[in-house]
Amino acid sequence: MELAQGITQAVVDWHAISPELVLTVAACVVLVVDLFLPDDVKWVAMPLSAAGLLGTLAAVVSLIGEERITLAGSFEVDAFSLLFKALFCIIGLVILAISFHFFRSGSYYQGEYYFLLLSSLLGALVIASSRDLISIFIAIELISIPGFVMTGLRKRDPKSNEGALKFFLFGVLSSAVMLYGMSLIYGISGGETNLAAINRALGGRADDPIVVLAVFFVVVGFAFKISAVPFHFWAPDTYEGAPSPVAAFLSTASKIGGFVGLLVLMFKGFPDVADSWRPAFAILATLTMTVGNFIALRQRHIIRLLAYSGIAQSGYILVGFALID
């Protein structure tokens, strides 16, 4: 649609973004309804959240077999994105199930917790379809920031406060490093943020030192998010201090969201730079598998044991990044 002075209005494919819209509405409903619920029925926020996730899953199913691109090419619906969106919805339902009795004890703000959980899942859904540097960055932060708050829900527990603070500080550091790498890519590509355009702009420049440096910073930023060695320091203390359902969420949906963002960036934006980032992933994978497993052997606390085991599992997944040609 043409507007005044030659400005064009982007056409939005509402069906393509329907899962995100449903989940956004569900999160807002949970937050607002919680304001009017008596303390003894605050648990109603959980079935409302589950209904929102089921509605989101139904919207995902309605898109099966579709391939859609909207929002000026920054949002893509395909089999890859739908698979992970369905996975995030299922993980969310499982987390809700194990959260119900834990948070119904009355010592936590249930409405706020379920709102934060849905918000983080919304970021996970968005990152699966993001094909733009800006939308990827916003999505990964939407996954992470609610996690900072959920980790510190045990306000009077020093370990919870320590875990939340470490998670926050390392999360901010990783975001800064990642954003610096993305800003370098933006400048190198001539002001492009769309991954397809970046891929074209970087063609033939795989050996350019500034390109290698930019990709390196992006990889380091995501390495913090997925707790890859040597950027794993926050994970054991964070998992130990967080409520059990939150630790389960951080070790599954949050970490998978980081891997999805890394997959999209590496194989949509930087495939021609593979020779540069493949050895880095090989080193990260080797360190993560080895260090995670060896330190796990010395643990006596079950949550810390699972945290280091999760770190090792990240190394196994990174092997795929190092081997794919």
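The questions and answers below concern a predicted model of one protein chain.

User: Which order do the helices and strands of the chain follow from the N terminus on?
Analyst: The predicted chain has twelve helices and two strands. Read from the N terminus on, the order of these elements is α-α-β-β-α-α-α-α-α-α-α-α-α-α.

User: What is the radius of gyration of the chain, and what does the globule rule give for 325 residues?
Analyst: Taken along the principal axes, the box filled by the C-alpha atoms is roughly 60 × 60 × 35 Å. The chain has twelve helices and two strands. Its radius of gyration is close to what the globule rule gives for 325 residues, so the chain is as compact as a globular protein of that length: the value for the chain is 20 Å, and the rule gives 20 Å.

User: How much of the contacts in the chain with a separation of 6 or more comes from residues 24 or more positions apart?
Analyst: Of the 325 residues, 52% count as buried, and the chain exposes about 14500 Å², of which carbon and sulfur atoms supply 69%. Among contacts with a separation of 6 or more, the share that comes from residues 24 or more positions apart is 76%.

User: Is the aromatic pair of Tyr113 and Tyr114 stacked or edge-to-face?
Analyst: The structure holds 17 aromatic pairs, one of which joins Tyr113 and Tyr114 with 5.0 Å centre to centre and 65° between the planes. Tyr113 is buried at 1% relative accessibility, and Tyr114 is buried at 0%. Because planes over 60 degrees apart fall in that class, the pair is edge-to-face.

User: Which residues are linked into a cluster by ring pairs, and which helix holds Trp234 and Tyr239?
Analyst: The ring pairs link Phe148, Phe167, Phe168, Trp234 and Tyr239 into a cluster. Among the buried residues of one helix, residues 234-241, are both Trp234 and Tyr239, and that helix is H9.

User: How many residues of helix H9 are buried, and what covers them?
Analyst: Helix H9 is mostly covered, with eight of its eight residues buried, including Ala235, Pro236, Asp237, Thr238, Glu240 and Gly241. The cover over these buried residues includes helices H5 (133-151), H6 (158-188), H8 (209-225), H10 (244-269) and H12 (302-323).

User: Is Gly111 buried or exposed, and which residues does Gly111 touch?
Analyst: Gly111 is found in helix H4, residues 110-129, and is buried because its relative accessible area is 0%, below the 20% cut-off. Although Gly111 and Ala45 are 66 residues apart along the chain, their C-alpha atoms are separated by 5.7 Å. Not counting residues up to four places away in sequence, the residues that Gly111 touches are Val30, Asp34 and Ala45.

User: Is Gly191 buried or partly exposed?
Analyst: Gly191 has its place in the loop between H6 and helix H7 (195-201). The C-alpha atoms of Gly191 and Val215, 24 residues apart along the chain, are separated by 16 Å. With a relative accessible area of 34%, Gly191 is partly exposed.

User: Which residues does Asp132 touch?
Analyst: Asp132 lies in the loop between H4 and H5, where it counts as buried at 9% relative accessibility. From Asp132 to Pro271, which are 139 residues apart in sequence, the C-alpha distance is 15 Å. Not counting residues up to four places away in sequence, the residues that Asp132 touches are Ser74, Thr193, Asn194 and Leu195.

User: What is phi of Ala72, and what is phi of Ser227?
Analyst: Most residues other than glycine have a negative phi. Phi is positive in both residues, near 60° for Ala72 and near 55° for Ser227.

User: What is omega of the peptide bond that joins Val229 and Pro230?
Analyst: Most peptide bonds are trans. Pro230 is found in the loop between H8 and H9, and the bond that joins Val229 and Pro230 is cis, with omega about 5°.

Key
Residues are numbered from 1 along each chain as its sequence is written. This is a predicted model: local features need pLDDT of at least 70, side-chain atom pairs count only at pLDDT 80 or more; totals for chains, interfaces and linings use all residues. Side-chain values use heavy atoms; hydrogens and water are left out. Helices (H or I, at least four residues) and strands (E, at least two) are DSSP runs, numbered from the N terminus. The radius of gyration is taken over C-alpha atoms; the globule rule is 2.2 Å times the number of residues to the power 0.38. Buried means under 20% relative accessible area, exposed over 50%, partly exposed in between (1.4 Å probe, protein chains only). Contact means heavy atoms within 4.5 Å. Accessible areas come from the Shrake-Rupley method with a 1.4 Å probe; for residues, only the protein chains shown count as cover. Rings of Phe, Tyr and Trp (its six-membered ring) pair if their centres lie within 6.5 Å; planes under 30 degrees apart count as stacked, over 60 as edge-to-face and the rest as tilted.
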